[in-house]
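Morning, everyone. I have one structure to walk through today. Let me put it on the screen.

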Amino acid sequence: MNSGNKKRCATALRVKIVALWKERQKLEAFLMRPPAMLGGTLVKQSMRCGKAACACHRRGGKLHGPYFYTRLKAGDGYVTRYLGRDAKRIGLARAFREYVSTMARYRELQREIDRCFIALRDLGIVPWKEGVRNGAKRR
């Protein structure tokens, strides 16, 4: 790779790193101030009732619900907590799901930043001067 291509590639990687850092900072702000949440996997379920004459027992009959539950792993099994149709508790369970997916996105961003730094290293470019990082000298 010639010097011009190497510089363009390095510049593109640095721009990408800065963009990833900015997104990561936003995620960190959210993760460091977690909202109220209800842990566990949110499960939505419709079911048949115990009345034999109910329409839910007919073929293609409309089931009752949906009813919401959370499931948590506990020891060898799972604990299921009934939420019913309580909008506030369902919202708390959804907040947990959002928090977990934000953590996953944060980890993916960090892996992508690491890949960019490895690509810079493979180009023979040191991303920062020895002894200096983020504009501050090391002592």
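Start with the sheet. It is an open one, built from three strands in the order β1-β2-β3, and the pairing is antiparallel. Keep in mind that this is a predicted model.

Which strands sit at the edges? Those are β1, residues 41-47, and β3, residues 77-84. Each of them pairs on one side only.

A quick reminder on pairing in general. Strands of a sheet pair through backbone hydrogen bonds, and that can be parallel or antiparallel.

Now look at β2, residues 64-74. How many bridges link β2 and β3? Seven, in the antiparallel sense.

Next, the helix. α2 lies across β1, β2 and β3. Against β3, α2 runs at about 135 degrees. The helix covers residues 87-122, and Glu-112 is part of it.

Let's stay on Glu-112. Is this residue buried or exposed? Its relative accessible area is 19%. The cut-off for buried is under 20%, so Glu-112 counts as buried.

What does Glu-112 meet there? Its side chain makes a polar contact with the side chain of Arg-115, at 2.7 Å. Leaving out residues up to four places away in sequence, Glu-112 touches Lys-16 and Leu-20.

To recap: a three-stranded antiparallel sheet, α2 lying across its strands, and a buried glutamate, Glu-112, in that helix.

Terms used: Residues are numbered from 1 along each chain as its sequence is written. This is a predicted model: local features need pLDDT of at least 70, side-chain atom pairs count only at pLDDT 80 or more; totals for chains, interfaces and linings use all residues. Side-chain values use heavy atoms; hydrogens and water are left out. Helices (H or I, at least four residues) and strands (E, at least two) are DSSP runs, numbered from the N terminus. Buried means under 20% relative accessible area, exposed over 50%, partly exposed in between (1.4 Å probe, protein chains only). A polar contact is a pair of N or O atoms within 3.5 Å; within protein, one must be able to donate a hydrogen and the other to accept it, and residues adjacent in sequence count only if both atoms are side-chain atoms. Contact means heavy atoms within 4.5 Å. Two strands pair if DSSP finds at least two bridges between them. Axes are lines fitted to C-alpha atoms, for helices over the stretch in contact, and angles run from 0 to 180 degrees between N-to-C directions.
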